[in-house]
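This report asks for a reading of one structure alongside its sequence.

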Amino acid sequence: MSTALQLAEKIASKSPVAVLGSKVNLNYSRDHTVQEGLDFAVVWNSTMLQSEDVGVAISASVQKETPVFSKL
């Protein structure tokens with residue numbers, strides 16, 4: 001149980017946009033070909049790179065701080 005909670009905390013510390021994107025891409029890819037899944041991921045990722053989470057992550061990394069992401 002403690003390992004599961006540690007993993008949940010690690011996932012929760014990540015960008016909500018990235019977590020949601022991972023789930024959406026995994027669900028999509030489950031029912032499509034590998035190429036269709038890759039094409040979908042490219043479109044999804046290029047769209048999500050426009051979120052403010054990218055800037056927050058980069059800024060926190062440069063300042064060696066923990067990023068604080070806004071909720072979806």
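The sections below take these topics in turn.

## Basis of the model

The model is predicted, with local features needing pLDDT of at least 70 and side-chain atom pairs counting only at pLDDT 80 or more, while totals for chains, interfaces and linings use all residues. Residues are numbered from 1 along each chain as its sequence is written, and side-chain values use heavy atoms, leaving out hydrogens and water.

## Aromatic pairs

Two aromatic pairs are counted, where rings of Phe, Tyr and Trp (its six-membered ring) pair if their centres lie within 6.5 Å. The ring centres of Tyr28 and Phe40 are 4.0 Å apart with planes at 10°, so this pair is stacked (planes under 30 degrees apart). Because Tyr28 belongs to helix α2 and Phe40 to helix α3, the pair ties together parts twelve residues apart in sequence; helices are DSSP runs (H or I, at least four residues) numbered from the N terminus.

Ring pairs join Tyr28, Phe40 and Trp44 in a cluster. Tyr28 is partly exposed at 25% relative accessible area, and Phe40 is partly exposed at 24% (partly exposed lies between buried, under 20%, and exposed, over 50%, with a 1.4 Å probe and protein chains only).

## Salt bridge

One salt bridge is found in the whole structure, defined as a side-chain nitrogen of Lys or Arg within 4 Å of a carboxyl oxygen of Asp or Glu. Arg30 and Asp31 form this contact through their side chains, at 3.6 Å from N to O. Arg30 is exposed, with a relative accessible area of 60%, and Asp31 is exposed, with 57%.

Key
Rings of Phe, Tyr and Trp (its six-membered ring) pair if their centres lie within 6.5 Å; planes under 30 degrees apart count as stacked, over 60 as edge-to-face and the rest as tilted. Helices (H or I, at least four residues) and strands (E, at least two) are DSSP runs, numbered from the N terminus.
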